[in-house]
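Hi everyone, thanks for coming. I'd like to walk you through one model this morning, so let's get it up on the screen.

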There are 2 protein chains.
Amino acid sequence: MAGSQAAASAKPAAVVSREVLERFATDVFERAGLTPEHAQIVAQVLVWANLRGVDTHGVARIPRYVELIEAGDMNARPAIKVSAETSASVLIDADRAPGPVAMTTATSAAMRKAAEAGIGMALVRGTTHTAALGYYTLAAAREGMAALAFSASWPNMAYHGARAAGVSTNPVSIAVPGGRAGPVLLDMATGIVSFGRLMQARRTGQALPEGSALDKEGNPTTDPRRAQIPLPMAGPKGSGLSLMIECLTSLVVSNPLISEYLEGTPVGRRHRQNALAIAIDLARYGDPAAFRREVDRLVRSIKALPRDPDTPEILIPGERGQRTFERRRREGIPLPRATFDELAGLASRLGIAMFG
Amino acid sequence: MAGSQAAASAKPAAVVSREVLERFATDVFERAGLTPEHAQIVAQVLVWANLRGVDTHGVARIPRYVELIEAGDMNARPAIKVSAETSASVLIDADRAPGPVAMTTATSAAMRKAAEAGIGMALVRGTTHTAALGYYTLAAAREGMAALAFSASWPNMAYHGARAAGVSTNPVSIAVPGGRAGPVLLDMATGIVSFGRLMQARRTGQALPEGSALDKEGNPTTDPRRAQIPLPMAGPKGSGLSLMIECLTSLVVSNPLISEYLEGTPVGRRHRQNALAIAIDLARYGDPAAFRREVDRLVRSIKALPRDPDTPEILIPGERGQRTFERRRREGIPLPRATFDELAGLASRLGIAMFG
């Protein structure tokens with residue numbers, strides 16, 4: 001699912017506690033120019049992805065974020081403002097804010113509106129890499145709301161029937177509160193594999209499953225060094241869903257990403273994202289405690305299904321990530337050599353103490 | 001995509017105009033006890049699916065609808081009421097209304113709320129077969145709004161890792177207005193194939209693609225006579241999305257379908273559905289005319305991508321359906337022998353004149 005769970009393959013270069021890694025990431029982003037508060041938000045969101053096992057969306061992204069800040073594509077000191085507002089929604093102009101800053105702002109706004117209007121929506125215009133969407137929907141679920149988020153970025157996934165990137169692996173996340181079993185959290189990209197997974201495969205050299213990607217020339221490949229373009233999940237469904245997400249986010253907020261990129265305009269090649277978060281206040285439509293009990297009951301029913309003998313266990317969306325979270329919170333976050341070295345190089349360049 | 005496009009294989013038993021087919025369907029539903037107004041809505045929604053080429057969701061469903069009415073599962077004279085309301089949403093208690101009646105009511109309510117609050121949501125509790133969701137989202141798009149709809153029903157699709165039906169092929173539809181190219185309409189089920197497509201394959205004897213279904217015992221099969229349970233699209237993504245739709249619809253409205261069914265409770269085996277429609281008033285967040293132009297521009301960009309030589313044409317969501325719509329509106333709707341005979345049998349039993 002989203003990103004892909006960490007393959008605990010090679011011996012990690014370091015195993016780092018959440019606190020140490022968050023401290024390090026916060027230091028980096030402060031040095032890169034973010035306010036201490038914003039630096040901490042970005043650090044928390046990235047490290048959360050590592051805790052969940054979604055290493056493709058974790059601290060491995062730090063060097064790229066710093067690059068984006070230095071290139072002026074990610075704004076270290078954004079003037080985030082609400083540029084349109086209704087009783088149930090806001091349109092947030094993110095001013096190229098780091099994605100986690102824009103998205104936590106948006107999620108809070110969607111929840112505030114939902115508390116007033118039953119449903120609340122925050123549209124986000126001109127953010128940057130939104131990181132793991134599950135962080136935001138889960139935050140809403142922990143406050144007792146159901147939440148849904150999409151984000152859109154430039155083309156990196158094949159459109160069904162095309163031999164080139166035409167849409168993005170635009171993620172979708174949906175979360176609902178649960179009872180004893182905790183929230184249920186879906187966080188998936190619209191590609192067969194995420195772009196992060198492709199980058200990870202390139203680093204580790206691990207072969208890709210058949211039918212998951214195209215090379216630069218648009219030919220199917222399983223070679224991780226040649227794979228460039230993920231194919232959409234379920235063919236036209238995946239690329240269709242991704243296209244609709246571009247419409248519901250980018251076109252609604254008048255900040256098209258796909259056409260600008262495909263037409264090769266100057267702005268089209270800049271790193272930009274748009275997003276949407278919706279929160280639903282469950283208490284307006286029923287008894288929230290009953291809802292949580294019903295989620296647990298649903299989970300039990302699914303887990304009691306006859307199991308495919310090829311599958312070790314029937315899993316609920318977010319369950320594996322939650323287990324990894326609990327283990328890594330106790331045992332620390334393993335960092336592969338490549339990630340560790342990149343972070344060490346960055347720390348040295350920025351004059352920051354490296355952990356470990 | 002949704003349902004699957006009609007395979008124009010065998011010679012049809014009849015080719016019928018939209019008007020004649022709608023008149024016939026309206027007569028049937030009036031005879032079955034619906035008000036003339038409701039009968040016409042159901043007829044229009046079913047015939048629309050045929051016009052679009054989604055024959056699995058068209059008039060072939062009429063006999064089943066009548067059966068549901070006669071069994072008391074579908075209520076010919078529902079007392080639809082709003083049981084909760086906020087400034088941006090309604091919870092509609094559908095009283096087992098025919099799905100198209102509940103869903104057109106819900107879509108109108110979502111649009112009315114969106115006109116006031118920017119975003120509007122209608123939750124639908126206890127409806128029956130919602131038919132082709134694209135009808136409702138397209139209706140909103142034609143009024144200049146973006147729309148999104150989900151519906152939930154009892155388990156008919158395998159949950160990833162299970163050898164039995166555990167979730168439903170719960171459809172998702174998203175539509176946005178367009179310019180010259182018209183609205184873009186995604187209407188897809190979360191299964192690799194829809195349940196309707198499976199039923200159609202059973203009727204026509206056409207083999208199913210590898211990896212699309214399980215037989216009654218939970219074994220993979222391509223035999224249309226043995227295939228009973230569609231597999232989820234993209235494995236855990238499809239069944240995860242479907243599970244979240246059950247949560248966002250059925251559990252939010254306190255009308256669980258999956259657990260009741262899997263636990264084998266008496267109510268669990270009754271035909272029931274729940275749904276959700278969201279409308280977004282584009283004019284609150286930007287210039288609607290610019291939005292339409294940008295949709296057309298996006299469509300042009302996608303269509304200009306280098307084409308996979310194995311694909312005759314790069315298609316936009318809803319494009320094939322729209323072409324079929326235009327052709328069938330001119331040339332009539334072909335009805336396969338099996339459907340025609342079933343309808344003729346029903347007409348004779350109800351004492352209604354058969355067309356053709």
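This is a predicted model: local features need pLDDT of at least 70, side-chain atom pairs count only at pLDDT 80 or more; totals for chains, interfaces and linings use all residues.

Residues are numbered from 1 along each chain as its sequence is written, and chains are lettered from A and ligands numbered from 1 in the order in which they are written.

Start with helix H11 of chain B, residues 337-350; helices (H or I, at least four residues) and strands (E, at least two) are DSSP runs, numbered from the N terminus. Which residues of H11(B) are buried? They are Thr339(B), Phe340(B) and Leu343(B), where buried means 20 or more other C-beta atoms within 10 Å of a residue's own, exposed means 12 or fewer, partly exposed is in between, and C-beta atoms are placed from the backbone. Down the axis of H11(B), these buried residues fall within an arc of 95 degrees (taken from the directions from the helix axis to the C-beta atoms), so they line one face of the helix. Turned away from that side are the exposed Asp341(B), Gly345(B), Ser348(B) and Arg349(B). Just after the helix, Gly351(B) has a positive phi of about 70 degrees.

Now over to chain A, please. Here 7 strands make an open sheet of mixed pairing, ordered S2-S3-S4-S13-S5-S8-S9; strands pair if DSSP finds at least two bridges between them. At the edges are S2 (81-86) and S9 (184-189), each pairing on one side only.

How values were computed. The expected span of a helix is 1.5 Å times one less than its number of residues.
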